[in-house]
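Open the model in your viewer and get ready to select residues by number. We will stop at a few places, one after another.

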Amino acid sequence: MTKRSLPFLRCLCAGLALVLARQPAPAAVAEASTKPNVLLLIADDMNSWLLGDPARYAGRIVAPNLLKFADSGVNFARAYTTAPVCSPSRTAFMSGMAPWTTGHYQNALKVDDSRPLKQAVSLATFFKNAGYSTRGYGKITHGWDQRQGWDEHVGHKRDPAPPGAPLTSVGRGEHDWGAIHLAEEEMNDTQNVNRAIAALERDHDKPFFIACGTFNPHMPWYVPQKYFDLFPLEKIVLPAIKEDDLDDLPPTGVRVAKSGSADKTLAAGLHASAVRAYLATTAYVDTQMGRILDALDRSPHKDNTIVVFLSDHGFHLGEKRHWQKTTLWEEGTHCLLMIRAPGVTPRGRVSQCFVSLLDLYPTLAELCGIEPPKYLDGRSLTPLLKNPDAPWRSAAITGLADKRNPEDAYLTVRNELGRYIRYVTGEEELYDTTRDPHEWTNEIGNPDYATVLQQLRAALPPTAKIAPPLRSALPDKKARKERTKPKKRR
């Protein structure tokens with residue numbers, strides 16, 4: 001060996017040492033390879049009619065793929081959102097923190113002004129930090145997100161309105177429906193599902209967290225005609241509506257319920273047409289979710305992938321004289337949550353415990369064997385996944401911002417005792433949901449419910465904690481008024 005060759009050998013040895021140092025130990029490789037994958041599927045504005053509860057809706061639902069999936073794991077029949085609005089709901093289950101912690105109750109708030117959210121770790125970032133490949137397609141978050149948590153991310157966008165829209169006599173903005181002019185494969189939700197399927201079909205050298213969310217059945221309801229054809233108009237069953245339903249509500253409750261879209265739709269005799277369009281759009285989403293689930297079944301990842309399907313909140317279609325979401329009654333807060341975890345969940349079981357979408361984050365952390373952040377507001381559903389009849393202290397809380405004063409929030413709690421709603425004005429509502437599943441009778445003044453009322457009141461956060469921590473970041477009333485004034489044309 002010559003002296004000239006010694007530097008080369010030293011460099012070679014140093015390089016080999018560096019490479020070997022960067023390689024995970026065999027045990028670490030084995031551990032990573034046994035970590036379960038996660039497939040998170042999200043639908044927007046899909047209410048709980050899919051559960052087939054005749055107390056809510058007795059009509060026909062066409063959703064064979066989601067019903068098949070529900071039968072493959074545990075279906076949480078009493079799942080509730082933390083906020084009946086897109087951004088705060090998704091921010092809550094993706095951050096693991098409730099609106100009454102972060103102050104994020106509505107779409108319009110700047111979430112960057114929330115100190116808790118600045119310190120949060122999103123679900124995607126959490127899995128990426130744990131060594132997962134993270135990919136998101138479509139509507140997953142809305143407003144708050146940590147883009148650095150995604151290895152690949154394609155956001156959602158709405159399909160263009162058909163030529164000649166609005167297609168209905170009451171159509172205005174989002175409130176419209178009819179057959180879309182695009183081929184199904186041209187629709188944005190279809191294309192994002194294609195991306196999720198392609199991701200499932202790839203080879204993966206580490207566990208993956210793949211999320212896919214559809215914009216539908218968010219309004220406007222524009223889907224191919226074939227989905228409308230599944231629901232003949234003459235066979236549509238309408239949700240139950242009580243004409244004097246608002247008579248026993250406090251003034252704030254009446255203000256929350258009042259909906260011009262609902263009044264116009266009912267007055268125009270288009271209620272059945274609108275319900276048909278909602279069902280058609282739900283059927284389209286079911287088809288797309290079925291395509292992803294079938295792709296997973298064809299892949300080698302089927303037996304090592306946790307699958308979650310959820311909707312971000314519920315949806316009114318005339319109940320309480322209301323349209324869309326943004327209420328604290330059952331239609332706005334009740335959502336879908338189904339989980340299949342190989343080796344953990346039994347098949348075809350239903351849990352009747354009251355759970356929250358806040359519970360998703362700690363549940364996935366425990367199922368994947370990853371230490372969760374300490375600040376999470378939810379709790380792991382793993383005991384119920386193993387045994388849906390396990391003892392469980394049930395309670396689901398939902399918060400909603402006051403439209404007039406967004407720094408104020410209303411809260412509701414739902415459990416076995418019923419539903420209790422508290423407004424910042426001190427007004428209240430109380431429903432015995434066992435005897436009154438439609439929440440038609442406000443029992444707040446009924447002395448027979450004094451003990452129940454006391455217990456439900458105690459289940460909510462104290463009044464002092466309702467006001468969002470964003471108060472200092474919000475403009476005052478005068479500034480908000482000035483900001484919303486139409487600008488003069490120059």
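Start by selecting Ser72, Asp297, Lys302, Arg340 and Arg347: of the 16 residues lining the second largest pocket, these lie nearest its centre. A pocket here is an open set of points on a 1 Å grid over the protein atoms alone, where a 1.4 Å probe fits, with protein on both sides within 12 Å along at least five of seven lines; lining residues have an atom within 4 Å of a point. Now colour helix 3 (64-70) and helix 12, the elements that give two or more residues to this lining. Helix 12 gives the most, with four residues. Helices (H or I, at least four residues) and strands (E, at least two) are DSSP runs, numbered from the N terminus.

Before moving on, two notes on the model. It is predicted, so local features need pLDDT of at least 70 and side-chain atom pairs count only at pLDDT 80 or more, while totals for chains, interfaces and linings use all residues. Residues are numbered from 1 along each chain as its sequence is written, and side-chain values use heavy atoms, with hydrogens and water left out.

Next, select Val85, Gln324, Lys325, Thr326 and Lys403, which lie nearest the centre of the largest pocket among its 29 lining residues. Helix 10 (251-257), helix 11 (260-267), strand 10 (323-324) and strand 14 (396-401) each give two or more residues to that lining.

Now for the largest nonpolar core: which of its 56 residues touch the most other members? Select Leu41, Trp221, Ile292 and Phe309 to see them. Such a core is a set of buried Ala, Val, Leu, Ile, Met, Phe, Trp, Tyr and Cys residues joined through side-chain atoms within 4.5 Å, where buried means under 20% relative accessible area (1.4 Å probe, protein chains only). Helix 12 supplies the largest share of this core, 14 residues. Zoom in on Phe309: leaving aside residues up to four places away in sequence, its contacts (heavy atoms within 4.5 Å) include Leu41, Leu66, Met289 and Leu337.

Finish with helix 8 (residues 188-201), and check the distance between its end C-alpha atoms: they are 20 Å apart, which agrees with the 20 Å that 14 residues should span at 1.5 Å a residue. The expected span is 1.5 Å times one less than the number of residues. Among the buried residues of helix 8 are Asn192, Val193, Ala196, Ile197 and Leu200. To see what covers the buried residues of helix 8, show elements including strand 1 (37-43), strand 3 (133-138), strand 6 (208-214) and helix 12 (271-298).

Note on methods: Buried < 20%, exposed > 50% of the residue type's maximum accessible area, 1.4 Å probe, protein only.
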